Amino acid sequence: MAAVQSIEYRGVAAGYGQTRAVSGVSFTVNKGERWGVLGRNGAGKTTTLAAAVGLSDLQDGDVLLDGQSVRGMPSYQRARAGLGYVPQGRDIFGSLTVEENIISAIRGGTTADALDTAYTLFPRLKERRRNGGTQLSGGEQQMLAIARAVVTRPGILLLDEPLEGLAPKVRQEVMDAITRMAAELGVGCVLVEQYVDVVLGFCEYVVVLESGQVVYAGRTDTLRQEHAHVLENAIGLRKI
Ligand code: ATP
């Protein structure tokens, strides 16, 4: 089965039980496109990503994978359809080695191909392949979390603050790998990140959230050129 080629948020409202965190979220990501989600702390970025994978409650509207509603679709089926997700914090097994972590994530295809893909993207992981997850630096753990998602061969990959807690040089290394992954594997990305300059640099399209509402969804260059006030209001950013 080919991995999902598009994800569409259609008037999504999402939250937790009775609590609504975001509403009116509409945008479509096609395979190969790079999208970002910006907003202050608590604006609803994580909730927006989580709604697609089933980790927050989809309270209204819909999320469609290649036009098919995710409602009633268990999380594992969404993953199997090719929706990849790298949650905030590092989603790895501390007691397994790097290589075991990667192998445990593989779905379909050969182990050799998966390891080749992971180690080509992250040469550092190859050097550390026999190290345990807990013996890795923060940056290496983040690379491993991304590698685990990549070897599932997603069509669309949701990344929640992959640079959190990393030193500037390591942030650059992780972003370089994400950039190569998007370009070489043609994976569509939705990147949630606090580093506004990183998002504006990497993403062709951006969604800006302010208190759970979408205040912009569209091309990044148009945002910069014509709607700079949106960024100023939503995230207090003056210089772009
Ligand atoms: P940050 O940048 O701080 O990660 P965010 O933009 O990702 O913030 P969310 O984590 O989506 O924001 O949170 C949106 C709102 O939902 C916030 O008001 C938050 O307190 C609330 N919220 C988040 N997780 C839960 C939860 N599990 N149960 C109830 N409310 C939650």
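Helix 6 is mostly covered, with 12 of its 13 residues buried. Buried here means under 20% relative accessible area, against over 50% for exposed and values in between for partly exposed, with a 1.4 Å probe and protein chains only. The model is predicted: local features need pLDDT of at least 70, side-chain atom pairs count only at pLDDT 80 or more, and totals for chains, interfaces and linings use all residues. Residues are numbered from 1 along each chain as its sequence is written, and side-chain values use heavy atoms, leaving out hydrogens and water.

Helix 6 spans residues 138-150. Helices (H or I, at least four residues) and strands (E, at least two) are DSSP runs, numbered from the N terminus. From first C-alpha to last, helix 6 reaches 18 Å, close to the 18 Å expected at 1.5 Å a residue. That expected span is 1.5 Å times one less than the number of residues. The buried set includes E140, M143, L144, R148 and V150. Buried residues of helix 6 pack against strand 6 (83-86) and strand 7 (156-160). They also pack against helix 3 (98-105), helix 4 (111-121), helix 5 (123-127) and helix 7 (168-185).

N101 lies in helix 3. At 0% relative accessibility, N101 counts as buried. Its contacts (heavy atoms within 4.5 Å) include L144 and R148, as well as I92, F93 and L96, not counting residues up to four places away in sequence. The N101 side chain reaches the backbone nitrogen of F93 at 2.8 Å. A polar contact is a pair of N or O atoms within 3.5 Å; within protein, one must be able to donate a hydrogen and the other to accept it, and residues adjacent in sequence count only if both atoms are side-chain atoms.

Most residues other than glycine have a negative phi. R153, not a glycine, has a positive phi of about 55 degrees. R153 sits in the loop between helix 6 and strand 7. E161 is not a glycine either and has a positive phi of about 45 degrees. E161 is found in the loop between strand 7 and helix 7. At 7% relative accessibility, E161 counts as buried.

The ligand has 13 residues around it, of which G42, K45, T46, T47 and Q194 come nearest. A residue is near if one of its heavy atoms lies within 4 Å. Helix 1 (residues 45-53) gives the most to this shell, with 3 residues. A polar side-chain atom of T47 lies 2.5 Å from an oxygen atom of the ligand.
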